[in-house]
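Open the structure in a viewer and keep the selection panel at hand.

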Amino acid sequence: MTVELISVGTELLLGNIVNTNAAYLSRKLASLGLSSYYQVTVGDNEERVIEAVNTAMSRADIVILTGGLGPTEDDMTKEAVAKALGLNLISDEHSRDCIMKYFEKLGVTEITENNWKQAVVVEGSQVIDNLNGLAPGMIITRGEKKVILLPGPPNEMIPMFEDDIMDYLTGLQPNIIYSTMVKIAGIGESKVETIIRDLVDQQSNPTIATYAKTGEVHIRVTASAPTKAEAKGLVKPVVKEIKHRFKENVFTTNEKETLEDVVVKLLNKYDLTITTAESCTAGLLTGRLVNVSGVSDVLKEGFITYSNKAKRKYLDVNKSTLKKYTAVSEQVAKEMAKGAALGTNADVSVAITGLAGPNGGSEEKPVGLVYIGCYVNEHVTVKKYNFAGDRQKVREYAVISALDLLRRCIIENYK
């Protein structure tokens with residue numbers, strides 16, 4: 001089955017808002033084994049939305065629209081869809097009750113008239129409750145075609161899609177779709193594709209697709225079969241072979257698990273505490289760790305030691321080391337990691353020092369040069385990296401590399 005996405009909103013066309021909804025839905029549709037050949041972004045113009053809907057229905061089995069379901073005058077997605085399909089708009093009493101209860105919880109007694117607009121739905125549609133906002137979603141059936149309307153705010157759209165629409169779309173397919181995501185760090189996309197080229201060339205069912213992320217490569221293996229057990233059985237040997245080929249570079253096969261999740265899980269598993277020391281990343285690494293619920297059980301302290309003075313004061317980096325080797329060096333990274341661990345009585349530490357640019361580089365030490373030190377079991381491992389990209393990219397790559405080095409060092413010392 002084919003799906004076409006239509007994102008409605010002039011703010012998307014102007015670049016005022018990044019279209020994260022389309023990216024999210026594309027990933028989810030792929031995981032369900034649904035094909036998507038076109039994506040359209042259209043402004044808040046009824047005629048153009050009608051045209052987009054008619055075009056999409058001529059070439060796709062399912063059309064999903066996001067945005068334009070709110071209370072303002074330029075929110076006219078359902079009006080355009082109704083006209084495109086030759087249907088009426090009606091007031092939905094259940095949606096009115098939901099809006100009333102929503103405002104009662106907020107203590108609002110006077111509801112403006114434009115808010116009731118969100119209780120108006122396309123006649124004959126299956127109304128989907130919005131548990132995180134006001135505008136409900138809708139599923140409309142026209143012959144063999146389906147049109148799905150979802151709210152634009154991601155905090156409303158994503159829960160609605162995951163709680164209701166995913167199961168609905170799964171039920172439309174004759175077979176069960178099952179997929180596993182293999183996540184890899186420490187190897188670039190081109191090398192990953194080279195290593196699994198024979199598997200990709202031979203693919204039919206299951207299929208294999210690679211996705212490049214910042215500092216990571218994700219491989220999705222998807223199979224289709226009459227039952228989940230059969231589909232899972234098709235995926236399992238392929239995933240096993242991929243894990244065999246990439247070995248310790250694979251950090252998880254859980255799609256929702258991040259690199260920082262894995263690191264915190266390892267720290268908890270071996271009852272280890274950690275302290276971070278950051279120079280060029282200035283807290284980005286610690287921020288990633290703090291994204292993980294329960295990290296307070298393992299994270300002791302985080303130092304941002306941007307200046308040489310701070311490195312000496314908080315991490316006990318030797319003044320002569322800084323003078324002889326400069327702040328961006330293997331020697332300083334080693335002393336930063338050791339000082340962070342010993343100074344806070346932590347079992348593990350990780351330290352980052354580098355040149356994020358765009359200025360400050362030299363022929364000997366170019367922009368993008370980063371040293372990362374990891375202290376585990378009274379031993380410090382330091383790795384040298386040369387990252388390409390702008391200042392933000394260098395810092396992002398440094399954080400990913402630090403998390404990956406930390407993961408590998410813990411595994412190596414405690415396996």
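This is a predicted model: local features need pLDDT of at least 70, side-chain atom pairs count only at pLDDT 80 or more; totals for chains, interfaces and linings use all residues.

Residues are numbered from 1 along each chain as its sequence is written, and side-chain values use heavy atoms, with hydrogens and water left out.

**Stop 1: the largest pocket.** Select K28, M181, R220, E255 and K256, which are the closest to the centre of the largest pocket among its 32 lining residues. A pocket here is an open set of points on a 1 Å grid over the protein atoms alone, where a 1.4 Å probe fits, with protein on both sides within 12 Å along at least five of seven lines; lining residues have an atom within 4 Å of a point. This pocket holds about 1000 Å³ of space, the volume being that filled by probe spheres set on the points, which are joined across faces, edges and corners.

Next, colour α2 (20–31), α7 (154–172), β9 (176–185), β10 (207–213), β11 (216–225) and α11 (259–269), the elements that give two or more residues to the lining. Helices (H or I, at least four residues) and strands (E, at least two) are DSSP runs, numbered from the N terminus. β9 gives the most, with seven residues. By type, the lining has nine nonpolar, nine polar and 14 charged residues; Asp, Glu, Lys and Arg count as charged, Ala, Val, Leu, Ile, Met, Phe, Trp, Tyr, Cys and Pro as nonpolar, and the others, Gly among them, as polar.

**Stop 2: K28.** Centre on K28 in helix α2. Is K28 buried or exposed? K28 is buried, with a relative accessible area of 16%; buried means under 20%, exposed over 50%, partly exposed in between (1.4 Å probe, protein chains only). Show F161, E162 and M166, which K28 touches, not counting residues up to four places away in sequence. Contact means heavy atoms within 4.5 Å.

**Stop 3: the second largest pocket.** Select E11, G67, G68, G152 and P153, the closest to its centre of 26 lining residues. The space is about 380 Å³. α1 (10–13), α2 and α7 each supply at least two lining residues.

**Stop 4: the cores.** Select L267, I274, I352 and I372, which touch the most other members of the 37-residue largest nonpolar core. Such a core is a set of buried Ala, Val, Leu, Ile, Met, Phe, Trp, Tyr and Cys residues joined through side-chain atoms within 4.5 Å. α16 (391–414) is one of the contributing elements and gives the most, with ten residues. Finish with the separate core of 24 residues, including V8, A52, V63 and L85.
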